[in-house]
Amino acid sequence: MSATTTRGVAQPAPVKASQARPRRGLRGNATLNFWLFTGPFLIGLVIFVFVPIGWSIWLSFFDARYTVTPSQFIGLDNYKQILTNSNFPQSLLTFTVFAVFIVPTTWALSLGLALLVNRLRFMRAFFRSVFFLPTAVSYVAAALVWKMSIFSGVRFGLANTVFGWFGVDNIAYLADPSPPWYWVVIVSLRLWLQAGFYMILFLAALQNIPAELYEAAAIDGAKPGWQTFRYITLPQLRATSTAVVLLLLVAAYQAFDEFFNLISTKATWAQTPLMELYKTALGNSQDYGAGSAGAVILSLLICLVTLAQGKIMGFGRGEESK
Amino acid sequence: MTTTTPRVGKERRRRGGVLGNTGLYVAVSVAALLFLLPFYLIVRNSLSTDPEITGENWKILPSFQWSNVSELFDDQTVQFGRSLWNSTLVAVLMTVGTLLVCSLAGYGLARIPYKHANKVFYAVLATLMVPTAVTFVPSFVLVSSLGWVDTYRGLIIPGLFSGFTCFLFRQYFLGFPKELEEAARVDGLGYWGAYWRIVVPNSLNFFAAIATITFISGWNAFLWPLVIGQDPSSWTVQVALSSFMTNQTVNFHLIFMATAISILPLVFVFLFLQRWLVQGIAQTGIKG
């Protein structure tokens, strides 16, 4: 959802417009009222967002094992440690593999579902609801079903039952990292859970494409099907596609819930950046300094990705931004 | 067969004919069955006995063990009722609190003329660049030094100040009809009175959309409750479910019954509030 954010940065609506009419405005002192309305939020924002971020940056330069009020300044040692002496870089690699799997597949599936649902004339609301419903399920509940029922590594698991009909031996999907079957489990789970959400975004965008474009294309002799899709639908969806890819990337960076429950932090494989931070800062070592350094690195990476992608893909300049 | 939009015109539809439509509905039905499969598994397993779940032969219909419900709630070691209550309280209070705090701030930023309003707005926007999930380590440090570990305060309050929700409210209020506020001015209302008597009652659809989204994310949140809930008595449903997965003593049928019950409220929210939800996502997800 933070896609909107970047666009807000790119083109903030001017507040100044309302300043032209102070005398015609509502009764009461505007400045006082401004702080009355925004005060509670801003105080909370400072305490629970700005202070933790600042504290975290401060901690990342100190030897903060087992303490959050350290006194020993150690410069960049925490950064050195988390980048060379821990599994954090490996987790960034894991994330990249995950993103390579999940971003294109979710994009394609949600767009495909949107195109299908958009063509329905009967029972359209029903099918839309069905595809949207998994969004209501938490990653924890989904992980539970995936781990204990569908991809349970034993005989009675659904996948093994179905493969058993074709004479395939039992597969230990999650317990054995080679071959890495666990990616099938993780990717299918996230696909199921989030495709419906992005389908809604694509549906809204599809309905905004002017019908005249298709009529003009038909007159020009474009064949319905692949041609109109390639030269009309897809370009018209550019802004939405960009936003979806961005949202998916940022979400993938922050993956934790299903990895934590499917793989667990005890495993040596498929650990995401957040899981490494969790173990570093809240595990046995309680190293808040190194954990904070990792959090700073991860935040910077996410900011960079967001900004770079916004720049490359022309965010906010898409056809749909009106 | 790739498709575009139904607005292409009747001609194309006729050409597609009965066959094209049948193919479309077959495809969409197969996809729908796959999407419903996990729900079926949850319901089937939750109403089965353990031997039925782990049996060699796949049973399509369970034996409808409704006693699983009472067995789950009577199990003192699991304390599922307690987690359910925690989740309800957290999700409801979080929704109410977020709506109150963020909508007021959004209105202030959008509609009250103050010369530094833009600077304040940029400060709010800046927080959106840092994803909340990444700051859980420093947030935990802060909350634990306040002594809020294992408390409702610790679970709820840090989540109330969402820059993103505030931003959404601001965008929404920027488009709120000025004429309605004019009416409030004629009535001699101040900002506060106008907000509660005119603006809020005329924005209920938007509030409902944001409330639905906030409630769902509050109910489904996992990382923060996991970090804050050190003692089982302060676990939310999600943390409890997660603990069942690693706990060897809890039975299969109870785990799935717990899962079914944890999903139930949200399925209801989805079915009855979907209109607002879809509207909210379409409005806020992309357009801002």
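## Stop one: a leucine in chain A

Start by selecting Leu298(A), which is found in helix H14 (residues 288-312) of chain A. Keep in mind that you're looking at a predicted model.

Is Leu298(A) buried or exposed? Leu298(A) has 25 C-beta neighbours inside 10 Å, so it counts as buried, the cut-off for that being 20 or more. Now see what it touches: beyond its neighbours within four places in sequence, Leu298(A) is in contact with Pro273(A) and Val134(B). Then pick Gln254(A): this residue is 44 residues away along the chain from Leu298(A), and their C-alpha atoms are separated by 9.3 Å.

## Stop two: where the chains meet

Val134(B) belongs to the other chain, so to speak, so let's look at the contact between chains. Show both sides of it: 103 residues come from chain A and 99 residues from chain B. On the chain A side, colour helix H2 (residues 30-59), which gives the most, with 18 residues. Colouring that side by residue type gives you 68 nonpolar, 27 polar and 8 charged.

## Stop three: two crossing helices

Next, select helix H6 (residues 139-150) and helix H8 (residues 182-207), both of chain A. Their axes come within 10 Å and cross at roughly 130°, which makes H6(A) oblique to H8(A). The crossing is right-handed.

Show the side chains where they meet:

- from H6(A): Tyr139(A), Ala142(A), Ala143(A) and Trp146(A)
- from H8(A): Val185(A), Leu189(A), Trp192(A) and Leu193(A)

What kinds of residues make up this contact? They divide into 8 nonpolar, no polar and no charged.

Conventions
Residues numbered from 1 in each chain as written. Chains lettered and ligands numbered in written order. Predicted model: local features only at pLDDT ≥ 70, side-chain atom pairs only at ≥ 80, totals over all residues. Contact = placed C-beta atoms within 7 Å. Helix = DSSP H or I, 4+ residues; strand = E, 2+ residues; numbered from the N terminus. Nonpolar A, V, L, I, M, F, W, Y, C, P; charged D, E, K, R; others polar. Axes fitted to C-alpha atoms, helices over the stretch in contact; angles between N-to-C directions. Parallel < 35°, antiparallel > 145°, perpendicular 65-115°, else oblique. Left-handed = near helix turned anticlockwise from the far one by under 90°. Buried ≥ 20, exposed ≤ 12 C-beta atoms within 10 Å, placed from the backbone.
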